[in-house]
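Please find below a short briefing on the structure shown here. The points are grouped by topic.

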Amino acid sequence: MKILDIENLSKFFGSYLALDNVNLSVEKGTVLGLLGPNGAGKTTLLRIINGILVKDSGSVKVLDAEASLSAARKIGYMPEERGLYDNMTVENQILYFGELKGAKPADIIPLMNEYLSLFNLEGSNKRKVKELSKGNQQKVQIIATLIHKPELVILDEPFSGFDPINGALLESLIERLKSDGTTMIISSHNMHAVEEMCDSIALINKGRLILQGELEEVKDMFKRNEYIVVMSGRLELDKLGETGFFKSVEQIMPPKGRKGFSYKFVKNQDVPSSNIINALSEQAEILLFEESLPSLNDIFIRLVSDNN
């Protein structure tokens, strides 16, 4: 079932085309990483999904309803620009946002206390938002986004202002929501976090969707027949070159925690891995043999650079 279904979406600001014929869908219970450089159109897209901006053409359906402020009541949206009220207490802030989305105080308070405990904010209920650190304000914003148990959660740069410990807490919460079947869109420049948490990605550049797919399938599309091996002894590179199996071979520093002699090689197209393993085994024992898939950061840089 599609929680979000976007077809041929375009948006102009005057003569500037911010979104150009975007097609995007998100299946129920999945986590989508929305990527793109600054100014690519990500925020415009998220605002249209939430009914904050009006599209110029195309279709945007959220839970089978046209995107609108009314439909957005079922969405938990945390924008990059935070919207907390400095002089409200943490508790009143969360209650206020929850009730705006249709939740009842009796349901909000137990879940609020659970989230405050998860984020190590016990005892902060009566403190004013302005008295909290920037990182703790970020936690309150996240709680307010989730408090009405939305069917679709959209987080725009959720790791902003978080140290590694709090980032890990957020990752744990996202994994918990995912296991509960919550559908999520995470827009972030934190490529490592997106790679760890997301099932699929969508990459926007200059208002156009230039890549969408399952994360592992996308990585497979961009692999370069590159491998990392760790050997018990030093290799004779000239001898390997005579096999005709390798496009290149170079010695590298061993992976962290590994002992031995490490090499990176690119095999020639259509050469079976079994041939490579046999050639290596003739010289030394293989301690590690793995394909080096491109990171999401590598793919991002390559695609954005090629489309500029």
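**Briefing: surface, pockets and a buried proline**

Tyr85 is partly exposed, with a relative accessible area of 43%. The model is a predicted one. Its chain contains ten helices and 14 strands, and 45% of the 308 residues count as buried.

**Overall build**

- Taken along the principal axes, the C-alpha atoms of the chain fill a box of roughly 70 × 50 × 30 Å.

**Tyr85 and the surface patch**

- Tyr85 lies in the loop that runs between strand S6 (75–78) and helix H2 (90–100).
- Together with Tyr96 and Leu100, Tyr85 forms a nonpolar patch on the surface. The accessible area of these three residues together is about 300 Å².
- Tyr85 is classed as partly exposed because its relative accessible area of 43% falls between the limits of 20% for buried and 50% for exposed.

**Largest pocket**

- The volume of the largest pocket is about 360 Å³.
- This pocket is lined by 16 residues, of which Asn50, Ala72, Tyr77, Phe97 and Lys101 are the closest to its centre.
- Strand S6, helix H2 and helix H4 (134–146) are the elements that give two or more residues to the lining of the largest pocket.
- Helix H4 provides the largest share of that lining, with three residues.
- Sorted by class, the lining of the largest pocket comprises eight nonpolar, six polar and two charged residues.

**Second largest pocket**

- The second largest pocket has a volume of about 200 Å³.
- Its lining consists of 14 residues, and those closest to the centre are Tyr115, Lys149, Pro150, Leu177 and Thr182.
- At least two residues of this lining come from each of helix H3 (105–118) and helix H5 (164–179).
- The lining of the second largest pocket divides into six nonpolar, three polar and five charged residues.

**Pro158**

- Pro158 sits in the loop between strand S7 (152–156) and helix H5.
- With a relative accessible area of 0%, Pro158 is buried, because the class of buried residues takes in values under 20%.
- Pro158 and Leu170 are twelve residues apart along the chain, and their C-alpha atoms are separated by 8.3 Å.

Methods. Residues are numbered from 1 along each chain as its sequence is written. This is a predicted model: local features need pLDDT of at least 70, side-chain atom pairs count only at pLDDT 80 or more; totals for chains, interfaces and linings use all residues. Side-chain values use heavy atoms; hydrogens and water are left out. Patches are made of residues with over 30% relative accessible area and no salt bridge: like charges are joined within 9 Å, nonpolar side chains (Val, Leu, Ile, Met, Phe, Trp, Tyr) within 5 Å. Accessible areas come from the Shrake-Rupley method with a 1.4 Å probe; for residues, only the protein chains shown count as cover. A salt bridge is a side-chain nitrogen of Lys or Arg within 4 Å of a carboxyl oxygen of Asp or Glu. Helices (H or I, at least four residues) and strands (E, at least two) are DSSP runs, numbered from the N terminus. Buried means under 20% relative accessible area, exposed over 50%, partly exposed in between (1.4 Å probe, protein chains only). On a 1 Å grid over the protein atoms alone, a cavity is a set of points where a 1.4 Å probe fits but cannot get out, and a pocket is an open set with protein on both sides within 12 Å along at least five of seven lines; lining residues have an atom within 4 Å of a point. Grid points are joined across faces, edges and corners, and a volume is the space filled by probe spheres set on the points. Ala, Val, Leu, Ile, Met, Phe, Trp, Tyr, Cys and Pro count as nonpolar, Asp, Glu, Lys and Arg as charged, and the others, Gly among them, as polar.
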